[in-house]
Structures are given as C-alpha cells and as structure tokens.
Amino acid sequence: MVGRPEAAIVQTSEDETRKFLFRFRDGQEAETVYIPDRQEDRGAVCISSQVGCTLSCRFCHTGTQTLVRNLGAAEIVGQFMAARDSYGEWPSPHGETPRLLSTIVLMGMGEPLYNYENVAKAMRIVMDGEGIGLSRRRITLSTSGVVPMMDRAGAELAVNLAVSLHAVRDDLRDEIVPLNRKYPIADLMAACRRYPAASNARRITFEYVMLKGLNDTPADAHELIRLIAGIPAKVNLIPFNPWPGSPYETSYGNAIDRFAQIVMDAGFSSPVRTPRGRDILAACGQLRTEGKRSADGGAGSREGGAV
Ligand code: SF4
C-alpha cells in the first residue's frame, strides 16, 4: 500500500499500551498508540493526522513541534493496518467477528480538521465494507474546535465527535488552546449543538485536561455544566500528563474527584481517564517526534500524542 509506514519502533508500556513510531517514505515520522481495554479483548488505536501541529495547545507536547506536513490518506490508514499487523489481526474481521483493534480515535499528533480531505478519504476507506469495514460508530474524530469544518465532517462522515475543551472561559482557553481566539467557546458550543451525528446513543465527548489551580475549581465545573446543557455529552477528565519542560502540573486527586462529582450530579457521565502508557510517553498530550522540514530523512526522537 502506497504510504504504508516503512519502519516502526515499537514500545510496550507496563500497562500493555503499545506505541509505534512509524517512518514514512520521506523520512518523516508519526506516532500511533494502541490502548487495550483492560476488561475486554479489544482496544482503541489512536492515530495521527499530521507530522507536528499548527495549533500549539500549551498542555500538549505535540504542540511544541511545528507542523511539518499533513499525512496522506494512505499514511493515515496505514497506521491502523500496521498496528493490526503487529497483533496479527489479518484479514480484516467482518460482521459479528470480534476485533482486537476495535475502534479508531483520531487523537494522535495533529488537528484532523486541518487535514480534512486526507482524513475523510482515509475514514471512507476504513468504513467501506470492501475496505476495513469498521462502523462509523467505532470512529471518533477529535478536534480542538475548527468550527466550520465540524459542520462539514458531521454532514459527510458522521463519525463520533470529541472536542478538546479544557477551559470554560475564553480568557483561559485563549491561552491554553489558542485556536479559541479564532473560534471562541460560544461558537464551538453552537457547532456541537448542530453536530448531526450526536444523539443520546452517540454522545459528544468533551475532553478536559485537569490543570492544577487553573481550570479545576467547583466554579469551573458548574460553568462547564452550563455550557454543555442540552448537548448529548459526556466529559472525559484527563489528569494532565507531564512531559519534559511542560508548564503545568496535574490537579490534586481530590480536586479531580470533586469536579467529576459535580458534573456527574448534573447528569453527565464524567469518567476520570486513567493515564495509560505514561512510562513510554504514549499518554494523551505526550506524543512528539522530531519532524524534519528538510529532506534529510533523519530519524525522530522517541517521544510522542495529543489530547
Ligand atoms: S492538542 Fe491536538 S491540536 Fe492541540 S497542539 Fe496537540 S496535537 Fe495539536
């Protein structure tokens, strides 16, 4: 398959999370993570859409790496195929046959809606019965809030949506998710309300990284409830995963528990995501390669993810 990764360095975490560093034909690299479900014989593959990222979210290690290039559709599908190869899942299970690599989350390096054409083409191949045959219900696209493209993705792909929210006030979100200066919270929430594939069965996931002393107070939790009122939603609370030189600290456990309880009491599921693969820097917000802008084909560092 053209674009299929040529080489991979694979690391497996103590908790069985597996991180792949894939190198493409031009020497550029991207990271992919397989996160097994602890209770079930299945798991999610977190796929990258770009080498680097333009968005510079302050809590995200990928955001410290400038955008080198978009990944092509074959390179996006190729990450899933190569991850499956490493578990021997071939040929593609179809129908009711259980899949080990059962879901795709477009949550790795990059903003998928800034590489929409390639991401859409890749997901159509993944969903096609003659391709990988994975249901759109098993695909989640995560965005930092590229509002106009959310409408398009909803109409054309109708996959599940995850939104990197992380703050409930524009002044703070402007700082930690700078895209907010272009598409502020009110516009983002309006786009979520319009998202056609959202329903009680397919709720929008709001990702919320817990940063000590910044966004983790009860007042923040109450404002979050107000913002998402009426949206079929769940809130993933993500204890901040530190990386070398990161500017933030993880919230205290009791602050996270209190926040989760307030959100839950308002009727929204609010699981606290257990950090996975921290020991190999495969957890949310930790992915990063050393992308090369020149054609020197150099290898990348071994760190890597996004939220
Ligand atoms: S969180 Fe996502 S969009 Fe933000 S800098 Fe990281 S990779 Fe880019």
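User: In this predicted model, which loop holds Arg202, and is Arg202 buried or exposed?
Analyst: The model is predicted. In it, Arg202 lies in the loop between H5 and S10. Buried means under 20% relative accessible area. Arg202 has 12% relative accessibility, so Arg202 counts as buried.

User: Which residues of H5 are buried, and how wide is the arc they fall within?
Analyst: The buried residues of H5 are Ile185, Leu188, Met189, Ala191 and Cys192. Seen down the axis of H5, these buried residues line one face of the helix, because they fall within an arc of 155°.

User: What covers the buried residues of H5?
Analyst: The cover includes both helices and strands. The strands named are S9 and S10. The helices named are H3, H6 and helix H4 (170–176).

User: Which residues of helix H3 are buried, and what arc do they cover?
Analyst: Helix H3 takes in residues 147–156, and its buried residues are Val147, Met149, Met150, Ala153 and Gly154. They sit on the same side of H3, because the arc they cover around the axis is only 150°.

User: How far apart are the end C-alpha atoms of helix H7, and what span should its residues give?
Analyst: Helix H7 covers residues 253–265, which makes 13 residues. The expected span is 1.5 Å times one less than the number of residues. That gives 18 Å, which agrees with the end C-alpha atoms being apart by 18 Å.

User: Which residues of H7 are buried, and which are exposed on the other side?
Analyst: In H7 the buried residues are Ala255, Ile256, Phe259, Ala260, Ile262 and Val263. These buried residues fall within an arc of 160° seen down the axis, so they line one face of H7. On the other side of H7, the exposed residues are Asn254, Asp257 and Asp265.

User: How far apart in space are Thr274 and Pro239, C-alpha to C-alpha?
Analyst: Thr274 is found in the segment after H7. Thr274 is partly exposed, because its relative accessible area is 43%. Thr274 and Pro239 are 35 residues apart in sequence, and their C-alpha separation in space is 7.8 Å.

User: Where is the cis peptide bond between Trp90 and Pro91, and what is its omega?
Analyst: Most peptide bonds are trans. Pro91 is placed in the loop between helix H1 (73–86) and strand S7 (101–106). The bond joining Trp90 and Pro91 is cis, with an omega of about 0°.

User: Where does Ser56 lie, and what is its phi?
Analyst: Ser56 lies in the loop between strand S5 (50–51) and strand S6 (69–70). With 35% relative accessibility, Ser56 counts as partly exposed. Ser56 is a residue other than glycine with a positive phi, near 55°.

User: Which residues line the second largest pocket, and how many of the lining residues are charged?
Analyst: The second largest pocket holds about 240 Å³ of space. Its lining includes Asp41, Arg42, Glu96, Arg99 and Arg138, together with Gly95, Thr97, Pro98, Ser102, Gly133, Leu134 and Ser135. The lining divides into two nonpolar residues and five polar ones, and the number of charged residues is five.

Note on methods: Residues are numbered from 1 along each chain as its sequence is written. This is a predicted model: local features need pLDDT of at least 70, side-chain atom pairs count only at pLDDT 80 or more; totals for chains, interfaces and linings use all residues. Side-chain values use heavy atoms; hydrogens and water are left out. On a 1 Å grid over the protein atoms alone, a cavity is a set of points where a 1.4 Å probe fits but cannot get out, and a pocket is an open set with protein on both sides within 12 Å along at least five of seven lines; lining residues have an atom within 4 Å of a point. Grid points are joined across faces, edges and corners, and a volume is the space filled by probe spheres set on the points. Ala, Val, Leu, Ile, Met, Phe, Trp, Tyr, Cys and Pro count as nonpolar, Asp, Glu, Lys and Arg as charged, and the others, Gly among them, as polar. Helices (H or I, at least four residues) and strands (E, at least two) are DSSP runs, numbered from the N terminus. Buried means under 20% relative accessible area, exposed over 50%, partly exposed in between (1.4 Å probe, protein chains only). The arc is that of the directions from the helix axis to the C-beta atoms. Contact means heavy atoms within 4.5 Å.
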